[in-house]
Amino acid sequence: MIAKNFKKKKMHTTLTHYFHSSSVGPLFILILLVHAMAEPIKLHPIGDSTTEGFEVETVWRYWLYKKLVKNGYDNIDFVGSRRGTKRDTILSDTAWDMDHDGHFSSKASQVLNGNLAREHKGSIKEWAPKFTPHIAVIYLGTNDIRGSRKTADIIKTFEGIIQVLRDARKEVKIVVCQIPYWDYKRYGGSQSAVDALNATLPSLKDLESEISPVKIVDLNSDYKVSDHRDGIHPDTTGAVKIADRIYETIVPWVKITAIKKLDVINQSNRTSGKSSLRLTIQDNMPVRVWISVESGSDFRNRKGYSITGRKITTQ
């Protein structure tokens, strides 16, 4: 007989797996084999042309993906309504997760409400419910400034985007990027407007909660206009700088150990042979767990559970 239950704790879920031995004998030794595999963590890049990009060498998403995989975090699934980079760009490397929602020339207000530039389709109100990301990276504001939007209005738009993301997944973890300077003579806008937005973006941390943190990542410090390929979009040096800073910001989230605690409670005796295995799971990290019980060469009671947040389902 196998039964399961779980206790709710703050920020954790405990799964207890019970099993009974049918073996005969004064002593029954149980060997518990536990395999836990984290399900993919969905990362949603949301932005404008800097997020969409050109050649892969100049795309920060490319370098972020490569760095995550290189360091063993290969359980990340980039999500979004678009794939690749700017249309008709020939890619020298396609062995990476190219999904995203970077939309050329688009303002934050268009990402929130639709009517995107360059005939792009959709809005965060469609993407968030579809992809339900665990982590969202928001790199917006450049085109809002170029379009003379006020700082207060841009911040309000960011607040709206964050709310839509939380409506889709209440535990979503949010990264908001402070944007680099660019060539204002060529593309419009001003340094003072960038400074005003970057100085105000940290106020969004007031929206964070215990289950849905908001992190502000500074992409402007030590980023030079010469790190752009054309005065406004990053070259390889700039893309790597952006990727490195976003990586440092999100890696504490992706490296959280799913199995926080494992207790083998051996209550086996000659009468009931009952034992149990207790797993304490980090909340909001989707995990699939298989539990097997082995006695000598007798393999039995293999059971699988899928755990997402505090929802436990039998596999």
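Contact here means heavy atoms within 4.5 Å. The model is predicted.

**Exercise 1.** Find which residues of α6 and α8 meet, and classify the packing.

*Solution.* 
- Start with the contacts: T151, I154 and I155 in α6 meet A196, L197 and T200 in α8.
- Sort them by class. This contact of α6 with α8 has 4 nonpolar, 2 polar and no charged residues.
- Now take the axes. Helix α6 (residues 151–168) and helix α8 (residues 191–200) come within 10 Å and cross at roughly 40 degrees.
- The handedness of the α6 and α8 crossing is right-handed.

**Exercise 2.** Describe how α2 and α9 pack.

*Solution.* 
- The axes of helix α2 (residues 60–70) and α9 lie 8 Å apart, at an angle of about 45 degrees.
- The two helices, α2 and α9, are therefore oblique to each other.
- Their crossing is right-handed.
- On the α2 side, W60, W63, L64, K67 and L68 take part. Partners in α9 include A239, I242, D244, Y247 and I250.
- The residues of the α2 contact with α9 divide into 12 nonpolar, 1 polar and 2 charged.

**Exercise 3.** Locate the largest nonpolar core and follow one of its residues.

*Solution.* 
- The largest nonpolar core has 63 residues.
- Those with the most contacts inside it include L64, I161 and I250.
- Helix α9 (residues 236–254) gives the largest share of this core, 8 residues.
- Follow I161. Leaving out residues up to four places away in sequence, I161 touches A108, V111, L112, I124, I138 and L140.

Notes
Residues are numbered from 1 along each chain as its sequence is written. This is a predicted model: local features need pLDDT of at least 70, side-chain atom pairs count only at pLDDT 80 or more; totals for chains, interfaces and linings use all residues. Side-chain values use heavy atoms; hydrogens and water are left out. A nonpolar core is a set of buried Ala, Val, Leu, Ile, Met, Phe, Trp, Tyr and Cys residues joined through side-chain atoms within 4.5 Å. Buried means under 20% relative accessible area, exposed over 50%, partly exposed in between (1.4 Å probe, protein chains only). Helices (H or I, at least four residues) and strands (E, at least two) are DSSP runs, numbered from the N terminus. Axes are lines fitted to C-alpha atoms, for helices over the stretch in contact, and angles run from 0 to 180 degrees between N-to-C directions. A crossing is left-handed if the near helix is turned anticlockwise from the far one by less than a right angle, and right-handed if clockwise. Ala, Val, Leu, Ile, Met, Phe, Trp, Tyr, Cys and Pro count as nonpolar, Asp, Glu, Lys and Arg as charged, and the others, Gly among them, as polar. Angles under 35 degrees count as roughly parallel, over 145 as roughly antiparallel, 65 to 115 as roughly perpendicular and the rest as oblique.
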